[in-house]
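Welcome to this short tour.

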Amino acid sequence: MNGAKSKLSTVKDAGTGVSALSGAPVISKRERGKRPSAFSRFFQKYNILPSILFFVFWELFSRVNETAKFFNPNFLPAPTVLLSEGWELAKTGMITDSLLSSTIRIALGFVIGSAVAVGLGVIMSKFKTVERWFSPILNLVGPIPTLALLPLFIIWFGIGEFPKVLLIAWTTFIPVLVYTLDGFKSVPSTLIRSALSLGATERQIFTRVMLPSAIPNFLVGAQVSLGLSFSALIVSEMMGAKSGLGYIIVDARNYFKITNMFIAIILIGLEYSLFSYLLKLVEKRVMVWRKGGLRDAIEK
């Protein structure tokens, strides 16, 4: 009997050793019981619970307001009402056309503005004379709001697609340039000296030292400029546009269609959330090596 028990313990120890050697975690029954369900893991991964609770609170408040009459219920329709009205509006094709137009404009303007900003940031970080000449000009025209430039762009370039994309590109350009330039300047000099001592060429120093060090700043600038770019998009579509989410808002204002206005506002928020999520995915792919902060410092 004792021999059988010893054989059984030997088998268990061997199994534990194999799992330890293979790197597979040994999970006890108690730990397996504490593992979150697939439903909770989904909410933890995509963090949509706050948004759901926001719309639930909005729905409850709007329904209470319909009875209590704190203010005119038409000024704040319930999300379920907006959903039914949005479905009717989608049947006309207006939402599809507007989403497609706005997405194309924001994507083109954002990519063009970011590309030009990175290119100029590289030149300004490499040649101090270029930075000395460009910095005062950028400080002069950078703070000018988008709404002030839009009428001028329309006078210069008309009311077609070009001034809208150009306005979005300009709004994207300034923050991305500032953050990218700061990223190049903040590269530790010890890294550059170490690369030079190992025989790296100037091109290798830029591609393997300076560019990876500046990528985090560039991504922060892209995230900041994304919200500004959406503001420029809506402003540009409110003047001289025949489609787009901004056009829906202007059309709703002219004919006092409060529900259409809220539908366009929600679609703007959803589209911005999608673009922001895509940027974060790019950041995770590119910055997989980066860890830090309080959450990574504390072991769980």
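Start by selecting Ser194 and Ser197: a polar atom of the Ser197 side chain sits 2.6 Å from the backbone oxygen of Ser194. Ser197 belongs to helix H10, residues 189-197 (helices are DSSP runs of H or I with at least four residues, numbered from the N terminus). Ser197 counts as exposed because its relative accessibility is 60% (exposed means over 50%, with a 1.4 Å probe and protein chains only).

A note before moving on: this is a predicted model, where local features need pLDDT of at least 70, side-chain atom pairs count only at pLDDT 80 or more, and totals for chains, interfaces and linings use all residues. Residues are numbered from 1 along each chain as its sequence is written, and side-chain values use heavy atoms, with hydrogens and water left out.

Now colour by pLDDT, the predictor's confidence in each residue from 0 to 100. The chain averages 80, and 80% of the residues score at least 70. Helix H6 (residues 94-126) has the highest confidence, at a mean of 90, while helix H1 (residues 2-22) has the lowest, at 47. Select residues 10-24 as well: the pLDDT there is below 50.

For the last stop, select helix H4 (49-68), helix H5 (79-91) and helix H13 (258-286), which each supply at least two residues to the lining of the second largest pocket. Which helix gives the most to this lining? H5 does, with five residues.

Note on methods:
Buried < 20%, exposed > 50% of the residue type's maximum accessible area, 1.4 Å probe, protein only. Polar contact = N/O pair within 3.5 Å; in protein donor to acceptor, adjacent residues only side chain to side chain. Contact = heavy atoms within 4.5 Å.
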